[in-house]
Amino acid sequence: MKFVQIIDFETERLQEMQQEVQEAGQRNAGRSGGPTRSVLLKDRDKPHRYLALIEFDSFEEAMRNSDDPETSAMAERLDALSIGERRYINCDVVDERDLT
């Protein structure tokens with residue numbers, strides 16, 4: 001079953017965060033078990049608030065990714081760029097459809 005982790009965070013340094021995520025993706029290119037898709041959303045009603053939706057093939061793959069030392073190091077670097085604490089919401093994908 002597909003799994004999505006939603007990360008709710010605030011930052012005034014989005015470009016630096018995006019650069020960090022891009023560099024981590026380059027370092028992990030070709031590695032199996034990582035995220036399969038990501039979507040970044042900006043809250044229109046609250047400045048500096050974002051939601052990152054990170055999709056994995058399964059909950060187990062997501063947990064293996066979370067246990068990876070590189071993921072932990074990246075999370076620490078992103079924490080330093082965040083305002084306050086990030087909130088994590090873990091979701092199983094129950095239904096998925098294209099509506100076009």
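Biologist: How many aromatic pairs does a search of the whole structure find?

Modeller: The search finds three aromatic pairs. This is a predicted model, in which local features need pLDDT of at least 70 and side-chain atom pairs count only at pLDDT 80 or more, while totals for chains, interfaces and linings use all residues. Residues are numbered from 1 along each chain as its sequence is written, and side-chain values use heavy atoms, with hydrogens and water left out.

Biologist: How is a pair of aromatic rings described?

Modeller: The description rests on the distance of the centres and the angle of the planes. Rings of Phe, Tyr and Trp (its six-membered ring) pair if their centres lie within 6.5 Å; planes under 30 degrees apart are stacked, over 60 edge-to-face, and the rest tilted. The ring centres of F3 and F59 are 5.2 Å apart with planes at 75°, so this pair is edge-to-face. Because F3 belongs to strand β1 and F59 to helix α2, the pair ties together parts 56 residues apart in sequence. Helices (H or I, at least four residues) and strands (E, at least two) are DSSP runs, numbered from the N terminus.

Biologist: Is F3 buried or exposed?

Modeller: Buried means under 20% relative accessible area, exposed over 50%, and partly exposed in between (1.4 Å probe, protein chains only). F3, at 2% relative accessibility, therefore counts as buried, whereas F59, at 36%, counts as partly exposed. A further aromatic pair, F9 and Y50, is stacked, with 5.7 Å centre to centre and 25° between the planes. It links F9 in strand β1 with Y50 in strand β3, 41 residues apart. Both F9 and Y50 are buried. One aromatic cluster is formed by F3, F56 and F59.

Biologist: In what order do the four strands form the open sheet?

Modeller: Two strands pair if DSSP finds at least two bridges between them. Here the order is β2-β3-β1-β4, with antiparallel pairing. Since β2 and β4 (83-92) stand at the edges with a single partner strand each, one side of each is left without a neighbour in the sheet. On average, neighbouring strands of this sheet are turned by 15° against each other, direction ignored.

Biologist: How many bridges join β1 to β3?

Modeller: Strand β1 (residues 3-10) pairs with β3 in the antiparallel sense over eight bridges. Q5 stands opposite I54 of β3, and E10 has R49 as its bridge partner there. Strand β2 (residues 37-42) is joined to β3 by six bridges, also antiparallel, and L41 stands opposite L51. The hairpin of β2 and β3 has six residues between the strands, and H48 takes a positive phi near 75° in it.

Biologist: How are two packed helices described?

Modeller: One gives the angle between their axes and the distance between the axes. Axes are lines fitted to C-alpha atoms, for helices over the stretch in contact, and angles run from 0 to 180 degrees between N-to-C directions. Helix α1 (residues 14-27) packs with helix α3 (residues 69-81) at about 170°, their axes 10 Å apart. That makes α1 roughly antiparallel to α3 (angles under 35 degrees count as roughly parallel, over 145 as roughly antiparallel, 65 to 115 as roughly perpendicular and the rest as oblique).

Biologist: Which residues of α1 and α3 make the contact?

Modeller: Contact means heavy atoms within 4.5 Å. E16, M17, E20, V21, A24 and R27 of α1 meet E70, M74, R77, L78 and L81 of α3.
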